[in-house]
Amino acid sequence: MKSGSRGLGRGMGRKLAARGGTWRCTESGEAPGWQGATNEHIRVYVSEEQRSQPGWIAARMQPGFRHGLLTALVLAVAMVGAALPLAADEHEIVWGASIPLTGIYAQAGALATLGIEAYLGYLNATGGINGRPVRLVSHDSGSRPEGSLAVFKRIMAEEEDVAVFYGDSTDFALLSAPEVNERYKVLMGGASFATALADPDKFPYQFLAGPTYAEMVGMLLEYIAEQGGKDGAAPRVALFHTNLEGGRDPIPYARERAAELGIEIVVEIETEPAGIDVAPEVLKLRRAQPDYVIFQGYVATVWPEVMVQAAQTGVDAMFMGTF
């Protein structure tokens, strides 16, 4: 069994360039103290002077939910800073967030919180945004879209001048959109890269920190088409996704794009996002014998056990995934 390389989104690809097996940022790569990021993990590097500032916490971010979460939050706050007056202002900037600290995504939420705290510690220790400190106000969503919506409404009611809000799921982004558009009109970011959210007419306040799910899967399929299948045959692909909105999002596009590229979709497997016995699903993979397996919509569970059992049962495939 082979392990697939992680694909870079188009937006990210414009920022990063491969050099000697590592990735470096072509825009911030010349900043003092930058040392690059290996393809095994993402680490935030800064100068020794910045490291010595009070409140700085060095953060190592493993790939996955918590890295995407921090990226979305950082980029959203950066956008807020660009829109604020240049004059220093002691008035703090409020950053609202719903984070899953209980429920199926609790592990990812806890790890993401460490990254957020590291970033805010550094940001505020080095002057905040235009001299204004940033205060995070967050509550547990329970890994449920209704929980996220309740957190959003609570923060918007209790806090003044919320500049940006982070939501933790596609379902929340879609659920909250009508009230965001009509009533709250606040910049929204989050862990969702749903294709629908890229429509500025329907979701004018939603900021995506990277390519959509459909674009991510499209990039993987293009890579697969370039690599080809076993013994020169057409590539055989399995689509393995959750039964949530974010998991199903790119599947129709994946079918269409695969057909255009001459790729055969040999099986589609849909499961709960966590807490399942994966043995029946691995059996489906063994019967289908794909060359590649694309995971969509999972965070920290299901896919690791699928890969372990697939290796044990002789599934010879390259495993890939999106954020």
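Which residues do ring pairs link into a cluster? They are F152, F165, F172 and Y184. Please keep in mind that this is a predicted model. The protein chain has 323 residues, 47% of them buried, and its secondary structure comprises 11 helices and 14 strands.

**Overall picture**
- Of the contacts between residues at least 6 apart in sequence, 68% join residues at least 24 apart.

**Aromatic rings**
- In total, the structure contains 10 aromatic pairs.
- For F152 and F172, the ring centres lie 6.1 Å apart and the planes meet at 70°, so this pair counts as edge-to-face.
- The pair connects distant parts of the chain, since F152 sits in helix α5 (residues 145-158) and F172 in helix α6 (residues 170-184), 20 residues apart.
- Both of these residues, F152 and F172, are buried.

**Helix α10 and its surroundings**
- Helix α10 spans residues 279-288, and its buried residues are E281, V282, L285 and A288.
- Viewed down the axis of α10, these buried residues fall within an arc of 120°, so they line one face of the helix.
- The packing partners of the buried α10 residues are the strands β11 (236-242), β12 (264-271), β13 (292-296) and β14 (318-321), together with helix α11 (303-312).

Conventions: Residues are numbered from 1 along each chain as its sequence is written. This is a predicted model: local features need pLDDT of at least 70, side-chain atom pairs count only at pLDDT 80 or more; totals for chains, interfaces and linings use all residues. Side-chain values use heavy atoms; hydrogens and water are left out. Helices (H or I, at least four residues) and strands (E, at least two) are DSSP runs, numbered from the N terminus. Buried means under 20% relative accessible area, exposed over 50%, partly exposed in between (1.4 Å probe, protein chains only). Contact means heavy atoms within 4.5 Å. The arc is that of the directions from the helix axis to the C-beta atoms. Rings of Phe, Tyr and Trp (its six-membered ring) pair if their centres lie within 6.5 Å; planes under 30 degrees apart count as stacked, over 60 as edge-to-face and the rest as tilted.
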